[in-house]
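Hi there,

Here is the structure I promised to pass on.

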Amino acid sequence: MIRTQRLAAGVCALLAALTAGIAFPAGAVADETTATAPKVDLVLDVSGSMRTKDMDGGTRMAAAKQAFNEVLDATPENVLLGIRTLGANYPGDDQKTGCKDTAQLYPVGPLDRTEAKTAVATLSPTGWTPIGPALLKAADDLEGGTGSKRIVLISDGEDTCAPLDPCVVAREIAAKGIGLTIDTLGLVPNVKMRQQLSCIAEATGGTYTSVEHTEELTDRVNQLVDRAADPVVTPVATQGAASCAAAPALKSGLYTDREEFGQERWYKVDVEPGQELRASVSVSADRALNPDYGVLLRAVTVHGREIVRGEAAGNGRTDVISTGLRYPKAESDDDEAAAETVCVQVTNSYSAAAGVKTTPGMPLELTVDVVDGPSQASDVASFGLGRGWWLLGVLVLFGFLAGLLWGWVSRWRVAVWRTN
């Protein structure tokens, strides 16, 4: 009897051990996945000024709510997302109390879209604009884990809680070395706010964007949330030269540089036969500039002959202007054919009023990618049409047949008219 009981106990213990052996690894995998998941904290200004009606005919708060609902629907499953507010709860005039008014509306974690949308729907413009305190709390919200961490701050005004300067707060967060990036979005074209939000973003390697329409706000926040889910790529600082001959040689990667008004920056990239060069550049306007400007990206030979170019223009409504180019190098029958050195030139037509500092230059981000070239000729742009050649052929054929049919109908009508 005793042996039977011991045997039963041993079997139960074995089953329990097997069950634990199966369960614990699964839990460990889940914990590991959460620990490495990207985190995003959306920090929304809910101060009284968000009642202003200047966003597509509605209030700034209504635009923010609409944008948040669409962003929550589009948030990648692997992103741990939270929402923090500033100025949402205290309606009084006491600055000391108002500057403590920041709260976590939705905790950073796996996203329950319905719950998060319900929380956002309850918001109503109320109080002060404690940006500095909100950033400190948001940094705490994102503690732990090894994945990327990003704060997206949306505000319609500068901080009202000095002397806790939010720019200094951002520098302190950056100095902790926790890999946290702060991106800022301004809902009003205000110079002081622009300077403050730009400073916050620049301190942590983030971006500042001015938005004046609901669709722009939605698109930009979506981009930033998606960027958090992308693999972390650390830009490499480089320094372009004034000519191709002195330019640094770049491999595939992400590079940062600075470019002054009207300045040329040159870089070199080697492209093997059968490969394709893909390059893009973004220049950030981190100071007040005159409207109407442009950025030009060119690929030229070492002898100065232009191969291809990309260009973009702005009118002062955006703070980042980007363009790109592609250059496929044809394959060679010679197995020992040498690589071609392509010179990449970045120029701009920015200008500023007197008194605006020209140094350091504006932040420049250059992406270089050298990949295997297209395997079929149809993949390569032909006279700028690319795969649109087939459409052009269809249109020509349709026009020809339509012309014949119209001519036949016209002649038939004339013949009938003469007969009658």
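Cys99 is buried, as its relative accessible area is 14%, and Cys161 is buried too, at 5%. Please keep in mind that this is a predicted model. The sulfur atoms of Cys99 and Cys161 sit 1.9 Å apart and form a disulfide. The torsion about this S-S bond is about -95°, so the disulfide is left-handed. The pair links distant parts of the chain, 62 residues apart: Cys99 is in the loop between α3 (95–98) and β5 (102–109), and Cys161 is in the loop between β6 (149–155) and α6.

The count of disulfides comes to three. Numbering the bonded cysteines along the chain, the pattern is 1-2, 3-4, 5-6.

Next comes the disulfide of Cys167 and Cys199, with 1.6 Å between the sulfur atoms. Cys167 belongs to helix α6 and Cys199 to helix α7, so this bond ties together parts 32 residues apart in sequence. Cys167 is buried at 5% relative accessible area, while Cys199 is partly exposed at 23%.

How do the two helices lie against each other? The axes of α6 (residues 166–175) and α7 (residues 191–203) come within 8 Å and cross at roughly 5°, which means that α6 is roughly parallel to α7. On the α6 side the contact is made by Pro166, Cys167, Ala170, Arg171 and Ala174, and on the α7 side by Gln196, Cys199, Ile200 and Ala203. Sorted by class, that contact of α6 with α7 has seven nonpolar residues, one polar and one charged.

The remaining disulfide joins Cys244 to Cys343, S to S 1.8 Å, and is left-handed, with -55° about the S-S bond. Cys244 lies in the loop between β9 (236–237) and β10 (253–259), and Cys343 lies in strand β16, so the pair ties together parts that are 99 residues apart in sequence. Cys244 counts as buried at 13% relative accessibility, and Cys343 is buried at 0%.

Strands β13 (residues 293–300) and β16 (residues 340–348) run antiparallel and are joined by six bridges. They belong to an open sheet of four strands, in the order β11-β16-β13-β14, with antiparallel pairing. At the edges stand β11 (264–271) and β14 (306–314), each with a single partner strand, so one side of each has no neighbour in the sheet. From one strand to the next, the twist averages 15°.

Best wishes

Note on methods
Residues numbered from 1 in each chain as written. Predicted model: local features only at pLDDT ≥ 70, side-chain atom pairs only at ≥ 80, totals over all residues. Heavy atoms only, no water. Axes fitted to C-alpha atoms, helices over the stretch in contact; angles between N-to-C directions. Parallel < 35°, antiparallel > 145°, perpendicular 65-115°, else oblique. Contact = heavy atoms within 4.5 Å. Nonpolar A, V, L, I, M, F, W, Y, C, P; charged D, E, K, R; others polar. Pairing = 2+ DSSP bridges. Disulfide = S-S within 2.5 Å. Buried < 20%, exposed > 50% of the residue type's maximum accessible area, 1.4 Å probe, protein only.
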